Amino acid sequence: MNRLKLNHLAVLTLFLSAAVVLQNAFGDIPLEFFSFPVSLSLFLLWSAGCFLCWSSRHSWIRGLFLSSEATVFSLSVCVLACLVTGFSAKGSYTNTWWFAADILLLLTTLFFVLLRGWRDAGGHIRWGFVLNHKGLMILVLSLFFGAADTEVLRLSLSEGEASRIARSEDGEVHSLPFELQMQHYSTEYYDNGMPRAHSAEVLIDGVLRTIEVNSPVCCGPFCNVYLVSSSEDYCVLEVVREPWKYLTLLGILMMISGAVIMFIKGPTAANLKRQ
């Protein structure tokens, strides 16, 4: 391994180590501080910084994120972080500084790789490549910068009870922009007595809606109401507000479109030549 590759790995490792130090010093990221408009400001600042580094042909940052070391390092660390989060019994690590650093590395690498490879040698747009990489970048961007703007609130209602008050996971009280009133809820069972399906009829600002588990109802462009569970005495409803969810959907659709285009076009002439 040459000296340049070692320098790249050293810089990337140092960046990640700084995030670990922040985590140990200050604990988890205070997401409420980074909500809109701070989240949008940070996104614009990150975009401007990436474009500025890209426009400088001899920038060492451009060379760093166009290197194979940056691609392998960012993907490997991100996969490892997701595995640690998924299999850990201690809860989620997605609000930690080091997880945010992993995602930021991946986003920046995707940005530079996309700008480098969106055209082929003949100057033609590589639509499959662009849609795949741009879709992945939009998907991760919406989840990363939109995390602080996402609200998950819960409330318990008995039949006939109405409320505009819900609580977050940490117990903080929030006022809902609409009133929820429980009309009726029921549970269907299998022959062996195990519950098969839960449903609830809820008045949302006077409009009767039926909510089932894994089948939420939409309350405005960015808000959904879910049925979490029910018992003999009450139902638990979950109100989820996701202002960035349409960007997430756009990213998924772009990735699917890119994969279809690449499948239809088949292997490129360059790949066939290497084979």
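**Chatting through a predicted model**

Q: Good. What should I keep in mind about the model and the numbering?
A: The model is predicted, so local features need pLDDT of at least 70 and side-chain atom pairs count only at pLDDT 80 or more, while totals for chains, interfaces and linings use all residues. Residues are numbered from 1 along each chain as its sequence is written, and side-chain values use heavy atoms, leaving out hydrogens and water.

Q: Back to the rings, then. How many aromatic pairs are there?
A: Rings of Phe, Tyr and Trp (its six-membered ring) pair if their centres lie within 6.5 Å; planes under 30 degrees apart count as stacked, over 60 as edge-to-face and the rest as tilted. That rule gives twelve aromatic pairs. One of them is Phe-34 with Trp-97, edge-to-face, with 6.5 Å between centres and 80 degrees between planes. This pair ties together distant parts of the chain, 63 residues apart: Phe-34 sits in the loop between helix 1 and helix 2, and Trp-97 in helix 5. Helices (H or I, at least four residues) and strands (E, at least two) are DSSP runs, numbered from the N terminus.

Q: And how accessible is Phe-34?
A: Phe-34 is partly exposed too, with 22% relative accessibility.

Q: Which residues make up the aromatic cluster?
A: One cluster takes in Phe-43, Trp-46, Phe-51, Trp-54, Phe-65, Phe-111, Phe-112, Phe-144 and Phe-145.

Q: Which charged end sits over the ring of Trp-54?
A: That of Arg-62, 3.8 Å from the ring centre. A charge sits over a ring if NZ of Lys or CZ of Arg is within 6 Å of the ring centre and within 35 degrees of the ring normal. Arg-126 does likewise over the ring of Phe-129, at 4.3 Å from the centre.

Q: Now helix 2: which of its residues are buried?
A: Ser-39, Trp-46, Ser-47, Cys-50, Cys-53 and Trp-54. They lie on the same side of helix 2, because they cover an arc of only 135 degrees around the axis. The arc is that of the directions from the helix axis to the C-beta atoms. As background, an α-helix has 3.6 residues a turn, so residues three or four places apart point the same way.

Q: What does that buried side pack against, and what's on the face turned away?
A: The buried residues pack against helix 3 (60-65), helix 5 (97-117) and helix 6 (127-145). Turned away from the buried side are the exposed residues Leu-44, Leu-45 and Leu-52.

Q: How far does helix 2 reach?
A: Its 18 residues span 26 Å from first C-alpha to last, close to the 26 Å expected at 1.5 Å a residue. The expected span is 1.5 Å times one less than the number of residues.

Q: And helix 1, what's its reach and which residues are buried?
A: Helix 1 has 24 residues and reaches 34 Å, close to the 34 Å expected. Its buried residues are His-8, Leu-12, Leu-16, Ala-19 and Gln-23. After helix 1 comes Gly-27, with a positive phi near 80 degrees.

Q: What about the loop after that? Which residues does the cis peptide bond join?
A: Phe-36 and Pro-37, with omega about 10 degrees. Pro-37 lies in the loop between helix 1 (3-26) and helix 2 (38-55). Phe-33 is in that loop as well, and Phe-33 is exposed at 55%.

Q: Which residues other than glycine have a positive phi?
A: Asp-205, near 50 degrees, and Asn-214, near 65 degrees, are examples. Most residues other than glycine have a negative phi, and most peptide bonds are trans. Asp-205 is in the loop between strand 4 (195-204) and strand 5 (207-212) and is partly exposed at 45%. Asn-214 is in the loop between strand 5 and strand 6 (217-218) and is exposed at 72%.

Q: Last one: what does Arg-241 touch?
A: Beyond its neighbours within four places in sequence, Arg-241 is in contact (heavy atoms within 4.5 Å) with Asp-149, Thr-150, Glu-151, Phe-222 and Cys-223. Arg-241 belongs to strand 8 (residues 235-241) and is partly exposed at 39%.

Note on methods
Buried < 20%, exposed > 50% of the residue type's maximum accessible area, 1.4 Å probe, protein only.
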